[in-house]
Amino acid sequence: MTPREQGFWMPGEFEPQESIWLVWPHDDELWIGYLDGVQRVYFDLLAALTPTERVNLLVPENPDLQPSQESLARAGVRLDHLTTH
């Protein structure tokens with residue numbers, strides 16, 4: 001059975017959604033020296049999304065690899081629209 005036959009479908013960009021899910025970039029081996037820049041882009045992305053969207057952000061268990069609430073707030077992220085997991 002195909003995914004379509006099982007009832008799965010890809011919603012259009014215009015479809016209503018409850019939230020956006022993102023994963024915080026934290027693995028320097030994956031980003032090979034670009035991690036700081038990628039994290040800055042994520043701060044900008046979260047700041048752009050959270051005024052109008054709810055965001056669920058997957059973060060590593062290690063607190064040293066997570067963005068701090070202070071740094072998110074300084075970047076303009078609306079913390080009441082951000083849930084970390």
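Strands, in this tour, are DSSP runs of E covering at least two residues, numbered from the N terminus. Keep in mind that the model is predicted.

**Stop 1: the residue ahead of the sheet**

Select serine 19. Serine 19 sits in the segment before E1. Now show its side chain together with that of asparagine 56. The two side chains make a polar contact at 2.7 Å. What else does serine 19 touch, leaving aside its neighbours within four places in sequence? The answer is Arg54 as well as Asn56.

**Stop 2: the sheet**

Select E1, E2 and E3. These 3 strands form an open sheet, in the order E1-E2-E3, with parallel pairing. Which strands are at the edges? They are E1, residues 20-23, and E3, residues 82-84; each pairs on one side only. Turn the view and follow the twist, which averages 25 degrees from one strand to the next.

**Stop 3: E1 against E2**

Zoom in on E1 and strand E2, residues 55-58. The two run parallel, and 4 bridges join them. Select isoleucine 20 and look across to E2: its bridge partner there is valine 55. Then pick valine 23, whose bridge partner in E2 is leucine 58. While the side chains are on show, recall a general point: in a regular strand they alternate between the two faces of the sheet.

**Stop 4: E2 against E3**

Move across to the other pairing. How many bridges join E2 to E3? There are 3, and these strands run parallel. Select leucine 57. Its bridge partner in E3 is threonine 84.

E2, H3 and E3 together make a β-α-β unit, and the unit is right-handed.

**Stop 5: the helix across the strands**

Select helix H2, residues 35-49. H2 lies across E1, E2 and E3, and runs at about 165 degrees to E1. Check its span from the first C-alpha to the last. H2 has 15 residues and reaches 21 Å, close to the 21 Å expected at 1.5 Å a residue.

Which residues of H2 are buried? Colour these:

- Leu35, Val38, Gln39 and Tyr42 are among them.
- Phe43, Leu46, Ala47 and Leu49 are also buried.

**Stop 6: what covers H2**

What covers them? The cover includes the strands E1, E2 and E3. It also includes H3 and helix H1, residues 28-31. Select H1 last, and you have the elements of this tour on screen.

Notes
Residues numbered from 1 in each chain as written. Predicted model: local features only at pLDDT ≥ 70, side-chain atom pairs only at ≥ 80, totals over all residues. Heavy atoms only, no water. Pairing = 2+ DSSP bridges. Axes fitted to C-alpha atoms, helices over the stretch in contact; angles between N-to-C directions. Contact = heavy atoms within 4.5 Å. Right-handed = clockwise from strand over helix to strand, strands pointing away. Polar contact = N/O pair within 3.5 Å; in protein donor to acceptor, adjacent residues only side chain to side chain. Expected span 1.5 Å × (residues − 1). Buried < 20%, exposed > 50% of the residue type's maximum accessible area, 1.4 Å probe, protein only.
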